[in-house]
Amino acid sequence: MTTIADELTIERRGHAGSASRRRTNFVIFLGPAIVLTILFFIVPVIIDIAVSFTDLSRSLHISEFTTEQYAKVFRTDRRLSQVIGLTFIYVFGTLAIFNVTFGLILAITTTAIRNVSGSFFRGVWLLPRMSPSVLYILLWLWAVSPTEAGLVNQVLMQAFGLDAPLDLLTSAPIALIIISNGFIGASMGMIIFTAAIRGIPEHLFHAAAVDGAGTFAKIRFITLPALRWPISFVTIYQTLSLLVSFEYILLLTKGGPFYDTTVYALYVYRRAFESGQYGYGAALALFLIVIGVVVALIGWRFFDMERLLQRPRIEVH
Amino acid sequence: MIHWKIGTAALLSAALAVGSAAFLAATPLFAQETVKLELWSRQDPSGPLRPGNVVKAAERLNKELEAEGSSKRVEVVVRESPAKGFDDDALQLLKVFGIGEGPDIFIAAHEWICAFQEDGFVLKLDDYIAKYPQHFGTIFPSLWSSAKCPDGTYAIPQDAEARMFFYNKKLLREAGYDAAFVDAMPERALSGDLTMDEVLEIAKQVVDKTKAPYGVLHRPNKGPDYIMVFQAYGSNFVDPQTGKLLLERDKLAAAFGWFERGVKEKVIPANNTAMEFDTLRKEFYTGNAAFWMYGIWDLGSVAFPTYGLPQDEKAFFADWGWIAGPAPQKGGAPVSLTHPIVYAIAADTKEPELAVRLLGHASAADLNTDHAVTTTHLGIKAEQLEDPRYVKAWPLARATELLKITKFLPNNSQFGELNGIIFAGIQGIESGRLSAQQAADFVIEEASATLEDVIVK
């Protein structure tokens, strides 16, 4: 015969056992991910902060700890304001025109047509993402070559009778970096939005059709509201991605002409690796990290992402 | 019995003697020590014999060591860097030295040598150079200045070249200039009679009166040639008293003004810096540009083999030619630039003596001539001028005339970075983002903000 006290002891033991199991599971399942996060995300930030307070130069020597790099950022670097302005235009332009809007148009159009054709077009738009970046940019360099051999100039001169070839790399470099990055960025939005559109119950569209809704009304009142969370996610994710990526710009325009296409991340790269000013590059990079965190938090708040991640109130069986 | 004993003893003694002799003869072989010297070299198709000659030199040095009875033998291990230019290569190598993984010997563009010296990575060579006159005594004295830092000599010149304005005589004649005028241009440039602006005028005539779309083309990336224009307008970038970087606003603006006028007159294309190197060469060598600002080795590396320019001297000069960088105004001084590549030895190499001797053999006149005639670079020693192979390579002999007026890039440890800023200024002007005055201001602001000890006047 067991007393109440015995039962309580057994229950406590059980709880203790399950708590220790929970701890073990935590270490087994989340441990590797936490270690990797610390190694590749937290430690680099700490190193960056440490380096930014040194005079680490091109031969990787540190002779003193200093705040000089921050003084440079705030006092002497006159390129910085131009670079920040350009980065805003680049990120906002690419995001607004391609990564969200064009991705959405592609998703809506390719889900509105026959499945085979839709899949084919989506496949075509995925090609740039699947190609190596160097190959993709080589094609762009050929397309916008300022000679008569360039694809754009061939079309303009032969089909539209243009007299002299255009030099888009010099005359419209910002548009070029937005378009070349946008063609790749649009594919991610396209896939996420396509999946979300596919998840909308079919009967809603039929009901709307019965109520006399046309195509645009269906998009406006059924599709778009259902895409709110994917749009929010794509916007925040792609903003952060655009802020730190520069490889296509480096390959296409090398940041030029002059500093016209040197976005912030590329500026950090040029300062650190082309001039050997690693300490200064680290200070600039720290601001990029801060900007990224701030943008993510603003986006989180603005799009009310917390609600997206809440547990569903109704359990569906 | 006694006979048997004597015979056995004799045989044993003989065997012992032969064995000892064989052992003694084999001893040096067993004791031979191989010294591995690592050589850092950029993968550079314009000079494969720069490392190649060091490898060959090891054979010569080993024979010498053998003759001396030394037990040491040298083996060269080449470590190739894939850097796309000497600037990138130097930055990479500075990092390699910084983490203690530097080579024993390296090949670099001369203007970087003081950056290595400043961080204590490179060996001072004055005593060694004096010790081995048989190797270094006949190197042109003028070339040694490209290997010096404020307190001594830190490198050995490996080659030299001449930078100039190549020009297409056919196009100039088509534009209306008579043959006498066209052929006299090199002389006029050397005497200071031909000016920088006259080059733009001639180029303008070519663009206006012929089918050629370009007047003057220059390299599309950071490099030495366009510095010639700044030197013509009086900028030498280093204060002779202090050795610090010197930027003179008016002189910078004057040089940038030349580029600005060139673009305004549609003589220099606005997208010159966006074009590929190969495209620029193609445009010039296929008759689409009047002038090409570059260096003598381009004839041997590209013009002859790729574009089929005549290799015969007379045939070449019938339709092509080159001039020194003209003077800024009549009666002024013309310029040419030479950009020696140098050999240097790491300060922490375990065998500095052997490394110096190895580079001494690599600098032998015959090996250097192999490099010179196969890549159209100028030699480093007077005796090379008499080598029949060198004499036969007429571009070398003809370009040597420019050495009388040649200048170097400054051996300042920060010049590589300053040159990047100057190049950005040229790009700003040509793409219409900056005026000449703004470009001068930009260079001064940028250099003052990012470099140390810059004197501004």
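Just after H17(B), Thr376(B) adopts a positive phi of about 55°. The model is a predicted one. Helix H17 of chain B spans residues 365–375, and its buried residues are Leu367(B), Asn368(B), Thr369(B), Asp370(B), His371(B), Ala372(B) and Thr375(B). These buried residues pack against several helices of chain B, among them H2 (49–68), H14 (297–307) and H16 (352–362).

| Core | Size | Residues named |
|---|---|---|
| Largest nonpolar core | 102 residues | Phe256(B), Trp258(B) and Phe291(B), those with the most contacts inside it |
| Second, separate core | 91 residues | including Leu37(B), Ala160(B), Phe284(B) and Leu299(B) |

In the largest nonpolar core, helix H3 of chain A (residues 80–112) supplies the largest share, 11 residues. Apart from its neighbours within four places in sequence, Phe256(B) is in contact with residues including Phe230(B), Ile422(B), Ala436(B) and Val443(B).

In chain A, the axes of helix H13 (residues 264–274) and helix H14 (residues 278–302) come within 7 Å and cross at roughly 165°. An angle over 145 degrees counts as roughly antiparallel, and H13(A) and H14(A) are therefore roughly antiparallel to each other. Their crossing is left-handed. Residues of H13(A), including Tyr264(A), Val268(A) and Phe273(A), meet residues of H14(A), including Tyr278(A), Leu284(A) and Leu288(A). The residues of this contact comprise 12 nonpolar, 1 polar and 1 charged.

Technical notes: Residues numbered from 1 in each chain as written. Chains lettered and ligands numbered in written order. Predicted model: local features only at pLDDT ≥ 70, side-chain atom pairs only at ≥ 80, totals over all residues. Heavy atoms only, no water. Core = buried A, V, L, I, M, F, W, Y, C linked by side-chain atoms within 4.5 Å. Buried < 20%, exposed > 50% of the residue type's maximum accessible area, 1.4 Å probe, protein only. Helix = DSSP H or I, 4+ residues; strand = E, 2+ residues; numbered from the N terminus. Contact = heavy atoms within 4.5 Å. Axes fitted to C-alpha atoms, helices over the stretch in contact; angles between N-to-C directions. Parallel < 35°, antiparallel > 145°, perpendicular 65-115°, else oblique. Left-handed = near helix turned anticlockwise from the far one by under 90°. Nonpolar A, V, L, I, M, F, W, Y, C, P; charged D, E, K, R; others polar.
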